[in-house]
Amino acid sequence: MESGSGAGAAVVYGACRWAHAPDKYLGEVSPAGEPHGWGTYWYSSGSVYIGNFVHGERKGEGKFFHVTGLVEQQDKSGRHSMPLDGAAAQPAGAGLSEQS
């Protein structure tokens, strides 16, 4: 892990792997070593989340790229799903199967 520089609290960057799953994470981490801040999480299924984490959970802004082709935009007001092909949006939370 490596500390960032700048005003305020130091930002710590790291990579995480878990013994129980082949998931991977690269980005900012908490002192406890969990995803916390901006990062990228690769799920064993092939899905990828790029965005903000708070104590290991997806929170705030980010995008979830499902292996099915669905891209889920997540912002501070909630979740909005849109397929990559530009078809009509699915209901919020549709197709979600991998939650942190």
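**Entry 1: Pro-35 and its neighbours**

I began with the contacts of Pro-35. Leaving out residues up to four places away in sequence, Pro-35 touches Trp-18, Tyr-25, Glu-28, Phe-53, Val-54, His-55 and Gly-56. I note here that the model is a predicted one.

I then took one of these neighbours, His-55. In sequence, Pro-35 and His-55 are 20 residues apart. In space, their C-alpha atoms are 6.1 Å apart.

Is Pro-35 buried or exposed? I found a relative accessible area of 4%. The limit for buried is under 20%, so Pro-35 counts as buried.

I also looked up where Pro-35 sits. Pro-35 belongs to strand 4, which covers residues 35–42.

**Entry 2: the whole protein**

I stepped back to count elements. The protein has 8 strands and 0 helices. Read from the N terminus, the order is β-β-β-β-β-β-β-β.

Next came burial. The protein has 100 residues, and 31% of them count as buried.

I checked the contacts between residues at least 6 apart in sequence. Of these contacts, 11% join residues at least 24 apart.

The protein exposes about 6,000 Å². Carbon and sulfur atoms supply 55% of that area.

**Entry 3: the partners of strand 4**

Which way do strand 3 and strand 4 pair? I found the antiparallel sense, over 5 bridges. Strand 3 spans residues 21–29. Across this pairing, Tyr-25 stands opposite Tyr-41 of strand 4.

Strand 3 and strand 4 also form a hairpin, with 5 residues between them. In that turn, Gly-33 has a positive phi of about 90°.

I turned to strand 5, residues 48–54. Strand 4 and strand 5 pair in the antiparallel sense, over 6 bridges. Gly-37 has Phe-53 in strand 5 as its bridge partner.

**Entry 4: the core**

Which residues make up the largest nonpolar core? I listed 8: Cys-16, Tyr-25, Val-29, Tyr-41, Tyr-43, Tyr-49, Phe-53 and Phe-64. Strand 3 and strand 5 each supply at least two residues of this core.

In soluble globular proteins, nonpolar side chains tend to be buried together.

**Entry 5: the nonpolar patch**

Trp-38, Ile-50 and Phe-65 make a nonpolar patch of about 270 Å².

Trp-38 lies in strand 4. How accessible is Trp-38, and what does it count as? I read a relative accessibility of 47%. Exposed needs over 50% and buried needs under 20%, so Trp-38 counts as partly exposed.

Strand 4 therefore holds both Pro-35, which is buried, and Trp-38, which is partly exposed.

**Entry 6: the salt bridge**

How many salt bridges are there? The count comes to 1.

The partners are the side chains of Glu-57 and Lys-59, at 3.7 Å from N to O.

I looked up the exposure of both partners. Glu-57 has a relative accessibility of 39% and counts as partly exposed. Lys-59, at 39%, counts as partly exposed too.

How values were computed: Residues numbered from 1 in each chain as written. Predicted model: local features only at pLDDT ≥ 70, side-chain atom pairs only at ≥ 80, totals over all residues. Heavy atoms only, no water. Helix = DSSP H or I, 4+ residues; strand = E, 2+ residues; numbered from the N terminus. Buried < 20%, exposed > 50% of the residue type's maximum accessible area, 1.4 Å probe, protein only. Contact = heavy atoms within 4.5 Å. Patch = residues over 30% accessible without salt bridge, like charges linked within 9 Å, V, L, I, M, F, W, Y side chains within 5 Å. Areas by Shrake-Rupley, 256 points an atom, 1.4 Å probe, with all protein chains shown as cover. Salt bridge = Lys/Arg side-chain N within 4 Å of Asp/Glu carboxyl O. Pairing = 2+ DSSP bridges. Core = buried A, V, L, I, M, F, W, Y, C linked by side-chain atoms within 4.5 Å.
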